[in-house]
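This report describes selected strand pairings, aromatic pairs and a loop residue. Please consult the sequence and the model shown below.

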Amino acid sequence: MSLQSALGRPQSGKRRLKELLAHADNRLCADCGAPDPKWASANIGVFICLKCCGVHRSLGSHISKVLSVTLDEWSDEEIDAVIEVGGNASANSIYECYLPEGVTKPRPDAPHEQRAKFIKSKYELQEFLKPSLRITSGGSSKHSLEASLSSSSNSSKRTEEYIGTLKIKVLKGTNLAVRDMLSSDPYIILSLGKQKVQTSVVTSNLNPVWNEELKLKIPQDYGPIKLQVYDHDMFSADDIMGEADIDILPMITSAMAFGDATMFSDMQIGKWLKSYDNALIEDSPVNIVDGKVKQDLWLRLQNVESGEVELELEWLPLGDS
């Protein structure tokens, strides 16, 4: 029986959380083992103590969105996501799958510096995933802990240039900005490093429908995808109509951790959370659907007076690209 089935679906969200918290593996902090944790990372799916909570907050909500089990209001989606993960034991089976020799978890009375180093290595740098799953993202890439303990770090580097491909279906735009007399001729450019892909131009339309599939190869060291909307102009430079950064870390981390998605039934495996500093209009879950890892995005364009864009992402592992 699944954990979610065992817990049922009580009417009270707080009751559902408390029932999950009552499970043996959730009675101790996921990171230091302190008893009776009362905080949780909603997107990672772990219960943590007050001291570890402070370190999680310092990582930023794009990595760990910290909520109090007793004090904060949780959305149904956040509760469902934590229950789907299954709690501390399930999450740690991924994030602590590979602890290099000499590395131990901090104790409840550990000093802040030791606690912070471990938690950052575990979640932000992801140094304790299996070597075959370990990935890095943008500027957060550092020498891994494993490499720093080994004189043969060069031989442990990946030999493949890319880790997979992201298929991006550009669905539509809504209420885009006017850049000509009464309308605009919009198109979208998606950029990742030196790669750029582009949709077709839709003439005289502020609510264009593209339904076009584009692909970007994902390198080992990657950052966010830059989305830019332009107005096509025949006689002068094209005008910008807004932009947005797409954080692909939740999608790729989840996809790499679960491996062959065809082995799993439909389920949520991750989430990119809406926050004040990103373009999301609502939280964006990462799901396994019919053996494929997918994510729907609804973005509000930045640095422009109006405009929204809807996309669908699909992860294509090496060999399926």
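## Strand β10 and its partners

Strand β11 (residues 239-246) runs antiparallel to β10, and the two are joined by 6 bridges. The model is a predicted one. Within this pairing, Tyr-230 has Ile-240 in β11 as its bridge partner.

Strand β10 (residues 225-231) also pairs with β6 (residues 186-192). This pairing is antiparallel and comprises 6 bridges; Pro-186 is bridged to Asp-231 in β10. Of the 7 residues of β10, 6 are buried, so that the strand is mostly covered.

## Aromatic pairs

Across the whole structure, 4 aromatic pairs are found. One of them is formed by Tyr-187 and Tyr-230, which count as stacked because their ring centres lie 5.8 Å apart with the planes at 20°. Since Tyr-187 belongs to strand β6 and Tyr-230 to strand β10, the pair ties together parts 43 residues apart in sequence. Tyr-187 is buried at a relative accessible area of 7%, and Tyr-230 also counts as buried, at 17%.

Phe-258 and Phe-264 form an edge-to-face pair, with 5.3 Å between centres and 70° between planes. Phe-258 is partly exposed, with 22% relative accessibility; Phe-264 is likewise partly exposed, at 32%.

## Ser-275 in its loop

Ser-275 is located in the loop that lies between β12 (267-272) and β13 (284-289). With a relative accessible area of 17%, Ser-275 falls under the 20% cut-off and is therefore buried. Its side chain makes a polar contact of 3.2 Å with the side chain of Asn-278.

Technical notes. Residues are numbered from 1 along each chain as its sequence is written. This is a predicted model: local features need pLDDT of at least 70, side-chain atom pairs count only at pLDDT 80 or more; totals for chains, interfaces and linings use all residues. Side-chain values use heavy atoms; hydrogens and water are left out. Helices (H or I, at least four residues) and strands (E, at least two) are DSSP runs, numbered from the N terminus. Buried means under 20% relative accessible area, exposed over 50%, partly exposed in between (1.4 Å probe, protein chains only). A polar contact is a pair of N or O atoms within 3.5 Å; within protein, one must be able to donate a hydrogen and the other to accept it, and residues adjacent in sequence count only if both atoms are side-chain atoms. Two strands pair if DSSP finds at least two bridges between them. Rings of Phe, Tyr and Trp (its six-membered ring) pair if their centres lie within 6.5 Å; planes under 30 degrees apart count as stacked, over 60 as edge-to-face and the rest as tilted.
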